[in-house]
Amino acid sequence: MLSVMTQMGALIVAGVVWRALQPGGLDADTTRRVLTTLVYYLLLPALVLQVLWVAPLGLDSLRIALVAGLTVLAMVGVTLLACRVCMAERAAIGAMLLAAAWPNATYLGLPVLDSLFGEPGRAVAIQYDLFACLPLLLTLGVLLARRYGDPEAVRLYGGGSPLRGLAAVPSIWAAVVGVALNLAGVPLLDWLDVFLGFLADSVAPLMLFSLGLALVFNRFRGRDARPLAVVAIVQLILAPIFALGLVLWTGLEGVPGVGSVLEAAMPAMVLGLVFCDRFRLDTGLYAAAVTLTTALSLVTLPLWFALATRLIA
């Protein structure tokens with residue numbers, strides 16, 4: 001696990017260095033937007049289709065989704081209670097909810113589980129995110145962002161049903177097609193498997209590099225100490241504890257069980273920056289939370305891996 005995190009960390013640091021040096025005059029935000037758009041619309045859907053077409057789907061898939069969904073919902077509740085103590089402003093509360101409740105299941109979780117477990121790890125990461133986390137983000141997460149966002153921004157950009165957002169996600173459609181082909185018993189042709197794999201192999205390094213591009217270090221001020229501490233504790237400690245309890249309760253074993261705990265232990269998701277910008281939440285606080293939890297996760301993830309592998313058969 002230590003060697004895996006070292007390799008992950010090196011790619012993240014490469015993104016941080018790019019942000020500082022801006023080679024070729026390309027700033028970090030522009031570079032990140034181009035890379036994440038490529039991953040979002042082409043590379044990640046190819047990976048999702050390849051994995052879910054051949055992954056074993058059954059009771060464990062439902063258990064993974066249950067662990068993911070209940071963990072997100074529980075952390076929303078815990079963070080709301082904690083916000084009463086830290087006395088944060090409305091925009092900060094909205095940012096804290098998104099940062100603390102939703103893990104970086106794809107941008108960091110997928111590369112980590114892929115490096116640790118290979119194809120079975122990929123399947124766990126994709127199911128954890130697409131079967132629970134992402135649907136909740138595009139429904140409950142959008143509603144929370146509207147609730148705590150700027151009224152003018154909500155009026156301009158917040159119209160429409162959150163469910164409509166699910167239909168606009170390419171990975172959701174890739175998942176639907178992959179699951180349908182899987183359940184129908186349609187074989188994955190060799191040439192198509194090679195082509196999808198060629199695209200999918202680019203996902204992990206590009207996502208890690210993009211994560212490094214998103215990190216900022218200019219928002220660690222005294223008044224942010226309590227909100228950032230709440231996010232770090234909820235995301236890196238309470239969420240994996242809760243997920244571990246659910247894994248043991250549901251009888252989820254092996255790679256699905258360990259992988260689910262690790263997914264819950266991931267730092268704050270990068271995608272939340274989009275919602276913070278759109279609904280005028282505290283984007284600076286959110287970016288600082290991503291930076292802090294990502295840095296701390298390089299230490300906490302190996303600890304959770306060691307504990308989960310010991311407790312889960």
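Which residues in helix 2 meet which residues in helix 10?

1. Please keep in mind that this is a predicted model. On the helix 2 side, the contact is made by Leu42, Leu43, Ala46, Leu47, Leu49, Gln50 and Trp53. Their partners in helix 10 are Leu192, Asp193, Leu196, Gly197, Leu199 and Ala200. Sorted by class, this contact has 10 nonpolar, 2 polar and 1 charged residues.

2. Now for the geometry of that pair. The axes of helix 2 (residues 28–54) and helix 10 (residues 190–200) come within 8 Å and cross at roughly 135°, which makes helix 2 oblique to helix 10. The crossing of the two helices is left-handed.

3. Helix 4 (residues 90–101) has 12 residues, which at 1.5 Å a residue should span 16 Å; the C-alpha atoms at its ends are 17 Å apart, in agreement with that.

4. Helix 4 is also largely enclosed by the rest of the structure, because 10 of its 12 residues are buried. The buried residues are Ala92, Ile93, Gly94, Ala95, Met96, Leu97, Leu98, Ala99, Ala100 and Ala101.

5. Last, a look at serine 171, which is found in helix 9 (residues 170–184). Is serine 171 buried or exposed? With a relative accessible area of 4%, serine 171 counts as buried, since the cut-off is under 20%. Setting aside neighbours within four places in sequence, serine 171 is in contact with Tyr40, Leu44, Pro45, Val48 and Leu130. Serine 171 and leucine 26 are 145 residues apart along the chain, and their C-alpha atoms are separated by 28 Å.

Key
Residues are numbered from 1 along each chain as its sequence is written. This is a predicted model: local features need pLDDT of at least 70, side-chain atom pairs count only at pLDDT 80 or more; totals for chains, interfaces and linings use all residues. Side-chain values use heavy atoms; hydrogens and water are left out. Helices (H or I, at least four residues) and strands (E, at least two) are DSSP runs, numbered from the N terminus. The expected span of a helix is 1.5 Å times one less than its number of residues. Buried means under 20% relative accessible area, exposed over 50%, partly exposed in between (1.4 Å probe, protein chains only). Axes are lines fitted to C-alpha atoms, for helices over the stretch in contact, and angles run from 0 to 180 degrees between N-to-C directions. Angles under 35 degrees count as roughly parallel, over 145 as roughly antiparallel, 65 to 115 as roughly perpendicular and the rest as oblique. A crossing is left-handed if the near helix is turned anticlockwise from the far one by less than a right angle, and right-handed if clockwise. Contact means heavy atoms within 4.5 Å. Ala, Val, Leu, Ile, Met, Phe, Trp, Tyr, Cys and Pro count as nonpolar, Asp, Glu, Lys and Arg as charged, and the others, Gly among them, as polar.
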